[in-house]
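Subject: Structure handover

Hello,

Here is the structure we talked about. Please open it alongside this note; the findings follow below.

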Amino acid sequence: MAVVLGVVQGNTMRTHGSFKKTFLFSIPYAVRLCERPLLRRVLFLVLLLNGAVFSARALDSANGNGIHNLDDLNGKRIGALAGSSMDISVGNRLDYTQIIYFDDYAGMIDALAKGKIDAVVHDEPVARTLAAGNPSLRMLPDLFERVGYAFAVNYGDPNLYEAVNGVIDENLKNGGMERLVAKWVDGPESGKILPEVKDAAPPPLRLGTYPDLPPFTYVDSQNRTIGLDIELARQIAARLGRRLEIVPMEFSELIPSLNRGDVDVIGSCIIVTEERARLVRFTDAYYQGGVAALVLETSPSGETGK
């Protein structure tokens, strides 16, 4: 039997992972230490201080205080979207923490509100949009890292890759991407309208996307899937003379669906990573963003937002 006194400098822990190093004191050894009066007092103080530290962390989690920057998330529970690469970004910055995966954003925010997690990690433009529309959320000022977003196709379809990448490359060179960012990322909601498209011959261009990542891909009040990625995908379909067919799915299913041939292209605020690049062929990055953290907003009285 053992008593855990502390954990130091472990790797980011997934729900199925573990810490690298753990200091342990066996019960018999601790009892022998307590037979010496001076050491008994020292051990008592150590345990007392440990209790105070963990109690303070528990209190911080309960009232939303104590999290002002990314370093304050060490030792905290962080929610991330299943299938995302957020654990890599978090692990590159923090010494030890726990990543808890969720299938959707609503589940993450519900867990955050109930104190089951301490923060949510998300793409910076998405986190900024969500915080702006939800007064109970606050985005921390620093980023885990800067990242690039891209579309992806199968390695076995070079012609489609050239068409998709060609449209992105043109937008990057002629200012089209700046206009899309100004409209969808920085602009007012009233101006976020998809342009009309002409009817096109079959077969459709099937776009796999996770439509819960505003302002890149999301469902508006009229139940239409819109966003920067959707407008860009429409341009790609028009270049090919095909109609765009949106295939919504969980984020974790995007790459598997593409590899199975269920969709032709995927675009959903997807971060380019080496691991993913071994599975799918990424286009040039069309947007440079970052990985941010959302926490519950705290009022001057110390109460978290409702």
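First, a term: a cavity is a set of points on a 1 Å grid over the protein atoms alone where a 1.4 Å probe fits but cannot get out, while a pocket is an open set with protein on both sides within 12 Å along at least five of seven lines; lining residues have an atom within 4 Å of a point. Grid points are joined across faces, edges and corners, and a volume is the space filled by probe spheres set on the points.

This is a predicted model, so local features need pLDDT of at least 70 and side-chain atom pairs count only at pLDDT 80 or more, whereas totals for chains, interfaces and linings use all residues. Residues are numbered from 1 along each chain as its sequence is written, and side-chain values use heavy atoms, without hydrogens and water.

**Cavity**

The structure has 1 cavity of 30 Å³ or more. The volume of the largest cavity is about 80 Å³. Its lining counts 13 residues, with Ser84, Met86, Asp123, Phe251 and Cys269 nearest the centre. Strand S5 (residues 119-123) contributes the most to this lining, 3 residues. Helices (H or I, at least four residues) and strands (E, at least two) are DSSP runs, numbered from the N terminus. By class, the cavity lining has 8 nonpolar, 3 polar and 2 charged residues. Here Ala, Val, Leu, Ile, Met, Phe, Trp, Tyr, Cys and Pro are nonpolar, Asp, Glu, Lys and Arg are charged, and the others, Gly among them, are polar.

The largest pocket has a volume of about 390 Å³. S12, H8 and S13 are the elements that give two or more residues to its lining. That lining holds 20 residues; Pro195, Glu196, Val197, Arg234 and Leu244 lie nearest the centre. It divides into 11 nonpolar, 2 polar and 7 charged residues.

**Helix H8**

H8 (residues 228-240) has 13 residues. It spans 19 Å from first C-alpha to last, close to the 18 Å expected at 1.5 Å a residue (1.5 Å times one less than the number of residues). Its buried residues include Leu228, Leu232 and Ile236 (buried: under 20% relative accessible area, 1.4 Å probe, protein chains only). Among the elements covering them are helix H6 (158-174) and strand S13 (242-248). Glycine 241 follows H8, with a positive phi near 70°.

**Serine 89**

Serine 89 sits in helix H3 (residues 86-93). Is serine 89 buried or exposed? It is buried, at 2% relative accessible area. Neighbours within four places in sequence aside, serine 89 contacts Phe144, Glu145 and Val291 (heavy atoms within 4.5 Å).

Best wishes

How values were computed
Buried < 20%, exposed > 50% of the residue type's maximum accessible area, 1.4 Å probe, protein only.
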